[in-house]
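Trainee: I am new to this structure. Can we go through some of the terms used for it and see what backs them?

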Amino acid sequence: MDELLVVIFIAALVLFLPLAILTILVRLRRDQQLQLDELRRALVAIRKEIQRTGEPAESTATGEPEREKQPEPVEPVEEAVYGAPAELPPPVVAQPPQLAATSFQPHPEPEPKPVAAAPREPSAFETAAKETLKRIWNWIIVGEEHVPTGVSMEYAVASQWLLRIGILILIVGVGFFLKYSVEHGLINEVGRVALSTVAGLGMMIVGTRLLGRKYHLIGQGLLGGGLATLYFAVFAAANFYHLLEQTPAFVLMSLITVLAGAVAVRFNSILVIVLGIIGGYGTPVMLSTGVVNFPGLYGYMLVLGIGVLGVCYWKHWPLVNYLSFAATYLLFFASMRTYEVDHFWEVMPFLACFFVLFSTMTFLYKIVNASKSNLLDIVALLVNAGVFYVVAYRLVEEAHGREWVAAVTLPLAAFYTGHVFYFLRRKLIDRELLVVFIGLAAFFLAVTMPLVLSSQWVTVSWAIQAFVLLWIAGKIESEFLRQVAYLLYAIVLFRFCAVDLRGQFLRGPSAADVPLGDYLRQLVERIVMFGVPISSLGGAYWLLQRQKRAAGIVDPANDVDGWIQSAWAMRLAVGIALGMLFVYLHLEFERTFGYLYSPVKLPLLTLLWLVLCGLVLYEVLQRESRVLAALLLVFVGGVLLKVFFFDLPSWRVSGAMLYGGEYSFRDASLRLIDFGAVVGFLAGGYALLTNRAHAKSAGAVLGFASLSMLFIYLTLELNSLLHTYVEGLRPGGISILWSLFALALILRGIGKNLRVLRYLGLALFAIVAWKVFFVDLSRLDQFYRIVAFVLLGILLLCGSFVYLKYQDSFAVKSQSKEEEVP
């Protein structure tokens, strides 16, 4: 029951948060509507002013209706073809066709040749990603985003790569110098840092003087190398030699980062920032001592990342983003080799900061400059979220347990929900980016539930979430969110069938030895566990039926086309909900009534099947569908299979047509409910469908099935009753029953002019006559033989009397066309 309370609490939380968000969105939509109304009124006023000050058309002034303008004649165009222009023939004026005295046959038009389908053109979303990759590749090869014109490829490649390799070797040499001086004690610690600082500043000064001149490219390289050398100096002074405290070192590294970003942006040089990144992230590697200072290292990396983020605000340099992302996580995973659980709070906050940093870095430039994202941005967002979630899951689970991973997933859902709210509030148009934000928010919210709750309540939580998502999708008119809700419902259905039903009923423990109080508590839990998903699907049908498409908060340009239409979704929702309800009730009835009072289990299960058949029968009557009529026969066949292959064997019917064990009126009453309900439903279905053209055949099948079930039930019941109380009359009693049944068939067949029923009655009379003389005569006692023969003779005479009484009517009707179905 404690977990039930937790489920109720989480359900309330899940419902409250969307309500709060929806209230804000509705208020925002109202404000936007007011602004649009004001703008519309202003446009109307401007239009009236233009109409008032403009000159009226001549046709309007004279009151004559404006005539349709005739197209001006087109002058023939002269084309120069090898000399003087060719004279064009005078235009042929089409004359109205004259009616000829003789008719003519027009020539058949040639059949159009099939046109080959045009090849699929890439979308703008894909083209932008391809263009970004091309620009990155060009910069890697020739140092510019576009291959320069008038420059040989040899010059472009050689000048760039010689410079890059030279600067890189120079930076590595400075690093090795620092490490060598430490190992051999050549220079004290202050001198090493001072020399590195002087070298870095000198490279930057020389590089600055070379900018804008012939050796501008070398100047950019020296600037990048100088920045990397300054990173060396500060990092070594703080984390290697401990000459600086963390705060001054942090300030110095921040200043260097700001300087690097400013230089790169000011001179529009990717090379400066790339070399700065390589040197900055390479510093911890070259000055590594084997002992990891997590706060110092991650703080240093965070400062570098913030510098790259600042550059992203001004410049669209995807290579810089990807390089920073790769370098950060490579250093992170390399440092985690020495990680222990005690280091959790030294690592986890920085990991979260890295995640937020690179998530923002992906789309910052696009939002600031109102440009759309591309495929690479989406992939970067997903990779960043995936890496963070996997690493955080492992760290949190190892330190605090699996359930505390929800403290990661729930903030992630809130993080992406905030992005969605920001997009809607700022009216940003970027469908792919908004769809990814919505999808990630829904994903992490769905993942939270299994972490907080035990496995048996996961389906309940997902069903509630799916319903809430569908409701919000209708309020803000988001087709993508509606499709996400459909996907979550599919997951709910899979888990309902493959996990919950299997675990609770098919593989669950036996309830035979469970105390009544404990069983009732388990029953309530099962009702909630299976009732909520079923109710959620019913609610989904109700929502889809009530939702009306109108202008919503989500701009259509930010939305996607629906993969599943609402009409099909409604049909699937109601069909799946009824199927889930039927399966659950069938298993629940079998277990609960088997625990409380086993004999009543079979009749109640039969009634449950008949309720399902009744729903299908109602749809057949409402929709007049032959498919539904066939489906009704399938379900009726299922009921008959249940009765013959499950119910009768449970009552141990023998080959002598007798129920096993001692005859009991309690069991007879239960069998009466079981067979009587089936016979009554079949007879009622026949009465309702016999006059429906689309289901007349199905009605005939139901009618014959009802007669057959009634005949079998009466035969079994009477045979068992006489076997227990009047054994001597048993063979004759069955013959009397069959004679009464045959007489009833003949009466019904004559009254309704149904030849098939009359023939069945006569055939049954023939079977009774054979049985009387070849079976009953030898088995009946003398007294019962007299009674049986007298009664059978009277019944046969009654049959003959019926034919004689209706002779005239029968003779007339025999000449007409008679129905072949009951």
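This is a predicted model: local features need pLDDT of at least 70, side-chain atom pairs count only at pLDDT 80 or more; totals for chains, interfaces and linings use all residues.

Trainee: Why is C312 called buried?

Mentor: Its relative accessibility is 3%, and buried means under 20%, so C312 qualifies. C613 has a relative accessible area of 0%, so C613 is buried by that rule.

Trainee: Is L710 buried or partly exposed, and how do you know?

Mentor: L710 has 30% relative accessibility. L710 is part of helix α22. Leaving aside residues up to four places away in sequence, L710 touches V679 and F741.

Trainee: What makes α22 roughly antiparallel to α23?

Mentor: Helix α22 covers residues 696-725 and helix α23 covers residues 730-751; they pack at an angle of about 155 degrees, with their axes 9 Å apart. Angles over 145 degrees count as roughly antiparallel, so the term applies to α22 and α23. The crossing of α22 past α23 is right-handed.

Trainee: Which residues make the contact?

Mentor: On α22 they include L707, L710, F711 and L714; on α23, among others, G733, I734, W738 and F741.

Trainee: How many residues of each class does that contact have?

Mentor: The contact of α22 with α23 has eleven nonpolar residues, four polar and one charged.

Key
Residues are numbered from 1 along each chain as its sequence is written. Side-chain values use heavy atoms; hydrogens and water are left out. Axes are lines fitted to C-alpha atoms, for helices over the stretch in contact, and angles run from 0 to 180 degrees between N-to-C directions. Helices (H or I, at least four residues) and strands (E, at least two) are DSSP runs, numbered from the N terminus. Angles under 35 degrees count as roughly parallel, over 145 as roughly antiparallel, 65 to 115 as roughly perpendicular and the rest as oblique. A crossing is left-handed if the near helix is turned anticlockwise from the far one by less than a right angle, and right-handed if clockwise. Contact means heavy atoms within 4.5 Å. Ala, Val, Leu, Ile, Met, Phe, Trp, Tyr, Cys and Pro count as nonpolar, Asp, Glu, Lys and Arg as charged, and the others, Gly among them, as polar. Buried means under 20% relative accessible area, exposed over 50%, partly exposed in between (1.4 Å probe, protein chains only).
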